[in-house]
Amino acid sequence: MKVLVTGVNGQLGYDVMNELNQRGHEAIGSDITESNEHFQKYVQLDITNKEAVETEITKINPDVVVHCAAWTAVDLAEDDDKVEKVRAVNAKGTENIALVCKKLDCKMIYISTDYVFNGQGETPWDPDCKDYQPLNVYGKTKLEGELAVSNNLEKYFIVRIAWVFGVNGKNFIKTMLNVGKKYPQVKVVNDQIGTPTYTYDLARLLVDMAESDKYGYYHATNEGGYISWYDFTVEIFKQAGYTTEVLPVTTEEYGLSKAARPFNSRLDKSKLVENGFKPLPTWQDALSRYLKEIEY
């Protein structure tokens, strides 16, 4: 199987490439930079350039495109001078890829987010729920990307994830480890609820999907129950052996964020098992393996 992966400089794209290579598939990585020292097969690709996308993907002629590239700086996306850039990447860039996949009749896996929903209530979001109402520019443009995929293709997977962490890049765990080392106490919000997603585990699921034809919308995070960012931080410090005190605060008390954040990031993942996919391990186990991986 020949697979093109976009956004391989990020946490998820990096792990998807490694998983594909381990399974013996032909993996071609792409990102906006000229070269990539990690992967033998790599093409520079600006997904906002429609002609370049058509030329390069047609030349590669993949069986599957795993589209991990995205604008993910949620607060920065709110700046007036950034909105169209965010839309160009998350919506138009995704549409550019979807149209080539349609022409080549290849599968597409699009990575989306719980931010497409309104983040209210306490009921876990169903993957086939169409009651969207995104809260911010990032969520709106990711939803536009979803629609570009579902409106143009039949052979697609739309996989919504949340609270992502991986080896290759910045994330909440690395931030907390740095902050917890410097200060005797940290304040963390306790009214935003969800579940973390380890990109190493997610990458295995995405390759399972690529090897199947069980198309549709899915939710994928680690198992282990729904938690707050406060709960997550307490467990991070516990496993890392920190004595740093964690103080729970509300989102309102915490302040700082320019973009509205969802209070309810609970994702219903039962459709994975119903369609024969293996659920991800618990987030507690994922955290333990991750801390070993980054040699913490």
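Let me start with two helices: helix 5, residues 172–182, and helix 7, residues 229–240, pack at an angle of about 65°, with their axes 10 Å apart. Helices here are DSSP runs of H or I, at least four residues, numbered from the N terminus. The axes are lines fitted to C-alpha atoms over the stretch in contact, and angles run from 0 to 180 degrees between N-to-C directions.

This is a predicted model, where local features need pLDDT of at least 70 and side-chain atom pairs count only at pLDDT 80 or more, while totals for chains, interfaces and linings use all residues. Residues are numbered from 1 along each chain as its sequence is written, and side-chain values use heavy atoms, with hydrogens and water left out.

Which residues make the contact, meaning heavy atoms within 4.5 Å? Helix 5 gives Phe 172, Ile 173, Met 176, Leu 177 and Gly 180. From helix 7 come Trp 229, Phe 232, Thr 233, Ile 236, Phe 237 and Ala 240.

Ile 173 also touches Phe 165, Leu 287, Tyr 290 and Leu 291, among others, not counting residues up to four places away in sequence.

Now the core. A nonpolar core is a set of buried Ala, Val, Leu, Ile, Met, Phe, Trp, Tyr and Cys residues joined through side-chain atoms within 4.5 Å; buried means under 20% relative accessible area (1.4 Å probe, protein chains only). The largest one has 58 residues, and Ile 97, Ile 173 and Phe 232 have the most contacts inside it. Helix 3, residues 83–104, supplies the largest share, seven residues.

Last, cysteines. There are zero disulfides, a disulfide being a pair of cysteine sulfur atoms within 2.5 Å.

Methods
Buried means under 20% relative accessible area, exposed over 50%, partly exposed in between (1.4 Å probe, protein chains only). Contact means heavy atoms within 4.5 Å.
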